[in-house]
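Please open the model in a viewer and keep the selection panel at hand.

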Amino acid sequence: MVGPPPLPGASVERVPILALRNAVLFPMSVVPINVGRLRSVRLVEDLLGKERALVGVLAQRTSEVEEPTFSDLYEVGTFARVVKVIRLGASNYSVVLSGLGRFRVSKPSSQEPYLRADVTCIPESFARDVELDALSSTLREQTRMMMEMIPNLPRETSGILDNVREPGALADLIASNLPHEHASVGDKQQVLECFDVKARVRLVLSMVGRQLEVLRVKKEISSMTQQEMSKSEREYILSQQMKAIRAELGETTDDEIDELREKLRLAALPPEIEKVAKKQLSRLMFMQQQGAEYNVTRTYLEWIADLPWSRTTRDRFDVSEVRRCLDEDHYGLEKVKKRILEYVAIRQLRPDKKGPILLFIGPPGVGKTSLGRSIARAVGRRYGRIALGGVRDEAEVRGHRRTYVGALPGRIIQGLKRAGTRNPVFVLDEIDKLGADLRGDPAAALLEALDPEQNTAFQDHYLDLPFDLSQVMFLATANDRSTIPSALYDRMEVIEVPGYTRAEKFHIAREFLIPKQLEQHGLTDERLDFVEEGIHTLIDNYTREAGVRSLERQIAAICRHASVRLVEGEDVRDQVDKAHCERVLGPYVHKPESAERVPQPGVVAGLSVTPAGGDILFVECTKMPGRGDVILTGNMRNVMQESATTAVSFVRSKADQLMLDPEWLRTIDLHLHLPRNAVPKDGPSAGVTMFTAVASLLLNAPVRSDIAMTGEISLRGKVLPVGGIKEKLLAAHRAGMKEVLMPRENARDLDDVPKEIRDQLKVHLLSRIDEILPLVLLPPIEQPPPPIPSADPSLDVSSLLATLSACFTTA
């Protein structure tokens with residue numbers, strides 16, 4: 001670590017590195033510095049008592065870092081000899097350094113107890129020619145002119161200029177003595193990294209020339225001010241004097257503007273954005289700090305400086321690694337994983353590919369939102385989430401105009417600022433629950449952001465500047481596609497995220513939910529062992545859902561019970577089986593529906609799709625004496641009412657084939673009802689179910705209780721295709737059904753159904769309505785219902801109640 005200066009081009013092992021903040025040390029310069037940071041103090045104390053100690057001095061890229069690492073330092077620095085060390089106090093030293101020559105960091109060695117690195121010396125060229133001498137002479141003359149206009153430049157600099165003959169050393173000397181307001185740390189570091197002497201002299205000459213021109217303009221302005229001082233100019237001068245007074249009092253000064261200017265410079269703004277920022281910054285300089293417009297403009301510039309106009313994260317293109325990350329976080333969901341892997345593969349072949357805009361539609365609790373975080377981790381991007389549920393104001397998406405008090409950018413721009421990069425993964429959560437009122441339609445405001453052809457220049461109302469969103473990976477989630485506006489729905493690639501099967505829930509509980517809840521409750525699997533029987537009991541008897549949220553809550557309830565007992569001093573070592581679940585959670589919440597159903601005429605199990613997944617939809621049909629009216633109840637909407645009318649009309653048209661009286665509807669009223677009146681019901685897929693219910697009632701033949709059906713019907717007797725086949729079959733499987741009737745044209749949808757479900761369900765494919773009844777009807781009930789006696793004053797009341805009870809029992 002200590003010895004003579006390194007030879008040109010030779011490597012020096014383990015040279016101690018001293019980080020310099022807000023300054024750059026040049027060769028042939030002698031500067032005192034104060035050392036107070038922990039690593040720097042360790043370095044200085046290690047060099048105490050050593051003669052001719054040699055250190056490498058590197059400037060920090062930013063002064064905010066308190067304990068910099070090599071990534072926070074420039075790679076090119078200056079060898080320096082430690083001339084003197086003065087102890088100022090505990091862990092505080094003043095060190096005088098003498099610059100020797102340039103070096104470049106070849107390889108960082110260590111960071112503790114202080115920074116050390118392998119470095120390579122950069123030799124200085126002493127070749128001279130006519131052009132270099134001319135440049136040197138020009139630099140010397142312009143520097144003298146500049147010194148005459150800068151009152152606070154060190155006086156000895158003028159004399160030193162004549163003593164320095166080497167052009168490279170002259171450029172270093174002038175650059176090192178330029179004040180900070182005329183040459184920033186970055187500018188001086190650029191001079192230090194310029195190894196070619198001619199280029200270095202030209203660089204310093206341009207800096208001096210630029211500052212000389214600025215000083216000349218200031219001098220001219222000052223001269224004009226003295227000659228013609230108007231009222232506004234006088235106010236400006238007074239305001240400058242007030243700023244100086246405030247600076248003496250410790251109040252806010254122009255440092256804020258300088259800091260803002262530096263932040264804008266480091267933001268690497270696009271040219272058109274930089275032009276607007278410079279214009280606003282120049283306006284800010286002439287504003288009173290007490291004025292409202294000053295704060296509005298300053299906040300606007302801070303938003304521009306903080307946005308990631310050019311900052312990106314590097315995508316992970318390893319398909320196998322991405323697949324591993326997705327499998328670690330989620331079980332199943334093969335369609336989603338396949339789409340993400342396709343995107344990663346395409347990005348590997350085409351790096352400029354725009355980010356996808358995906359819409360995950362599925363019931364609650366299946367992992368749509370958590371998929372966003374998992375995808376971000378898999379592809380190596382930052383993650384951001386925007387909750388859109390209940391948002392009714394367009395300004396929440398596109399921001400407010402700056403003219404409003406307290407105006408802010410919209411949620412998309414705010415999310416980009418939080419993410420810190422222009423290519424994050426954004427989850428637009430609950431996009432189907434956007435509202436609209438007098439303040440605008442936020443769904444319409446999203447059209448531009450989610451259109452790949454337009455979002456390259458997304459314009460927020462607050463910024464009023466184009467921002468490129470094409471690299472953002474937008475992932476939207478929804479439960480109900482019917483509430484998403486068609487124009488917005490068309491802009492997104494839809495991926496169905498269906499409910500989980502019983503086997504999938506078992507694997508998710510065992511591999512994800514149970515370890516998570518055990519950890520959160522301070523338990524181990526030795527204390528609480530969830531066996532297969534117990535997990536299936538939780539799935540079958542305590543939850544009835546498409547997702548796994550309720551399942552996780554039940555697992556958490558069992559863990560809480562064990563935690564309480566453990567804290568009370570009991571040695572808990574339980575096996576969670578069927579009996580343990582019933583003992584902790586109480587009686588079963590859900591029982592198999594097949595055990596509760598009794599075959600009877602006019603009652604048929606259909607299948608439907610809701611925002612919460614697939615479900616069983618019972619259709620009940622009864623008749624009573626009347627005049628041929630068809631009564632529809634159960635909160636049916638228009639399409640379902642039309643399906644019921646079609647079913648009744650088809651039965652009437654086929655009365656002879658069904659061996660019914662052609663005038664069967666003349667003397668009765670027919671009542672079709674769907675239970676759960678509070679839930680609106682619509683869609684054509686209950687047509688098959690309604691036809692079966694009407695035919696079963698009129699034929700007095702019960703329908704098998706282990707069979708469910710779905711399909712639209714036409715008056716020509718055809719069974720037409722419907723949607724949601726996977727969700728419906730999952731619902732039938734959860735309800736304990738053995739067979740399912742569905743349209744033949746939906747056969748292709750069976751490929752999406754898990755194989756275990758297809759193996760346990762017998763699926764009948766229908767082309768015509770004529771094929772239904774032989775598959776579902778049981779033998780007719782021959783016993784007629786007992787007649788209701790006429791009203792007789794002498795009739796015993798108990799006898800009448802017994803007769804009525806017998807009627808309803810038979811029905």
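A residue is called buried under 20% relative accessible area, exposed over 50% and partly exposed in between, with a 1.4 Å probe and protein chains only. Helices are DSSP runs of H or I with at least four residues, and strands are runs of E with at least two, numbered from the N terminus. This is a predicted model, in which local features need pLDDT of at least 70 and side-chain atom pairs count only at pLDDT 80 or more, while totals for chains, interfaces and linings use all residues. Residues are numbered from 1 along each chain as its sequence is written, and side-chain values use heavy atoms, without hydrogens and water.

Select residues 687-699, helix H24. Of its 13 residues, 12 are buried, among them Met690, Phe691 and Leu697. Just beyond H24, Asn700 adopts a positive phi of about 55 degrees.

Next, select H20 (residues 549-567) and H21 (residues 578-585), whose axes, lines fitted to C-alpha atoms over the stretch in contact, come within 10 Å and cross at roughly 80 degrees, on a scale from 0 to 180 degrees between N-to-C directions. H20 is therefore roughly perpendicular to H21, a class that covers 65 to 115 degrees. Contact means heavy atoms within 4.5 Å; here H20 contributes Gln554, Ala557, Ile558, His561 and Arg565, and H21 contributes His580, Cys581, Val584 and Leu585.

Finally, select His733 in helix H25 (residues 725-734). His733 counts as buried because its relative accessibility is 14%. Apart from neighbours within four places in sequence, His733 contacts Arg502, Ile757, Gln760 and Leu761.

Technical notes. Expected span 1.5 Å × (residues − 1). Parallel < 35°, antiparallel > 145°, perpendicular 65-115°, else oblique.
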